[in-house]
Amino acid sequence: MTKDARPAQQDGTIDQGWSFAETMADVASEGLVHALEAERRVEPRSNVRTAWEELLKDARVCTRCELYRHATQTVFGEGPLDATIMFVGEQPGDQEDLAGRPFVGPAGAIFDAALEKAGIDRSTVYVTNAVKHFKFALRGKRRIHNKPDAAEITACRWWIEHERALIQAPLTVALGATAARSLIGKVVTISKVRGEPLTLADGSECWVTVHPSSILRAPDDAARKEGKRLFLRDLKLIKERAAELAA
Ligand code: URA
């Protein structure tokens with residue numbers, strides 16, 4: 001019986017005193033012990049799913065800051081709960097707000113294309129945002145993205161930290177300054193920290209790179225091309241490092 005096969009308790013922690021398999025081995029047939037062990041092995045992850053679903057339910061009715069008042073809905077994270085890599089963006093945009101999913105608009109298209117080029121399958125990573133509601137200003141009928149402020153980022157850390165605690169991805173990627181600020185807890189200059197691992201409070205690794213929308217905002221084709229090249233370089237490094245951490 002490996003340590004990982006021990007059952008998680010309701011709160012997701014491991015019961016250190018558990019010795020169920022040892023006891024059963026003495027009294028039950030080998031087949032029954034194997035069946036029980038298999039069941040125990042999946043239990044920790046199913047507890048994570050239950051806890052994540054509860055978290056999602058709570059996040060859907062979040063009123064921790066004022067952003068919920070004008071947004072269509074909470075846009076929570078998505079992806080496998082045992083992902084090695086967690087990507088954290090800033091906040092949902094107009095299309096994400098309507099769809100209820102992260103990174104499905106123009107920034108998502110840049111993100112998806114870069115992931116594909118880097119050989120990272122999006123269905124294998126967890127994708128979320130530092131802030132879960134769309135913040136915007138109305139200009140006529142258009143909803144123009146507004147950056148979340150420090151209080152909104154701090155209020156929303158409640159959700160991202162719970163997501164991180166459940167998923168326990170060994171590698172978290174901050175896409176842009178808002179995500180970096182939320183994860184690291186202070187303002188960082190992306191050009192100074194990109195391309196190398198930082199250590200988060202829980203001991204896991206954080207890599208900081210640009211937000212894909214910075215590529216969309218590039219002033220000309222040459223800058224856009226260079227932005228894409230550097231983003232791809234970062235994603236390739238991240239992929240390599242995630243493979244090392246998962247090995
Ligand atoms: N920008 C983000 O930071 N997140 C999204 O989900 C979409 C755009």
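Both faces of strand E2 are covered: Tyr-126 and Thr-128 on one side, and Val-127 and Asn-129 on the other, are all buried. A residue counts as buried if 20 or more other C-beta atoms lie within 10 Å of its own, as exposed if 12 or fewer do, and as partly exposed in between, with C-beta atoms placed from the backbone. Helices (H or I, at least four residues) and strands (E, at least two) are DSSP runs, numbered from the N terminus. In a regular strand the side chains alternate between the two faces of the sheet.

The model is predicted: local features need pLDDT of at least 70, side-chain atom pairs count only at pLDDT 80 or more, and totals for chains, interfaces and linings use all residues. Residues are numbered from 1 along each chain as its sequence is written.

The protein chain has nine helices and seven strands. Of its 247 residues, 29% are buried. Two residues are in contact if their C-beta atoms, placed from the backbone, lie within 7 Å. Among contacts between residues at least 6 apart in sequence, 70% join residues at least 24 apart.

Five strands form an open sheet in the order E2-E1-E5-E7-E6, with mixed pairing. E2 and E6 (198–199) stand at the edges with a single partner strand each, so one side of each lacks a neighbour in the sheet. Two strands pair if DSSP finds at least two bridges between them. E1 and E2 run parallel and are joined by four bridges. Met-86 has Tyr-126 in E2 as its bridge partner. E6 and E7 run antiparallel, with two bridges. Here Leu-198 is bridged to Cys-206 in E7.

A nonpolar core is a set of buried Ala, Val, Leu, Ile, Met, Phe, Trp, Tyr and Cys residues joined through C-beta atoms within 7 Å. The largest has 39 residues, and Ile-85, Met-86, Phe-87, Val-88, Val-173 and Ala-174 have the most contacts inside it. Two or more residues each come from E1, H4, E2, H5, E5, H6, E7 and H9. H5 gives the most, with five residues. Beyond its neighbours within four places in sequence, Val-88 is in contact with residues including Thr-128, Ile-160, Val-173, Ala-179 and Leu-183.

Helix H6 (residues 177–184) has six of its eight residues buried, so it is largely enclosed by the rest of the structure. Among the buried residues are Ala-180, Arg-181 and Ser-182. Their cover includes E1 (85–89), H5 (150–167), E5 (171–175), H7 (190–193) and E7 (205–209). Just after H6, Gly-185 takes a positive phi of about 90°.

Helix H9 (residues 221–246) has 26 residues and reaches 37 Å from its first C-alpha to its last, close to the 38 Å expected at 1.5 Å a residue. The expected span is 1.5 Å times one less than the number of residues. Phe-231, Asp-234, Leu-235, Ile-238 and Ala-242 of H9 are buried. The buried residues of H9 pack against E1, H4 (106–118), E5, E7 and H8 (212–216).

Phe-103 has a positive phi of about 50°. This residue is in the loop between H3 (94–99) and H4, and is buried, with 27 other C-beta atoms within 10 Å. Gln-168 also has a positive phi of about 50°. Gln-168 lies in the loop between H5 and E5 and is partly exposed, with 15 other C-beta atoms within 10 Å.
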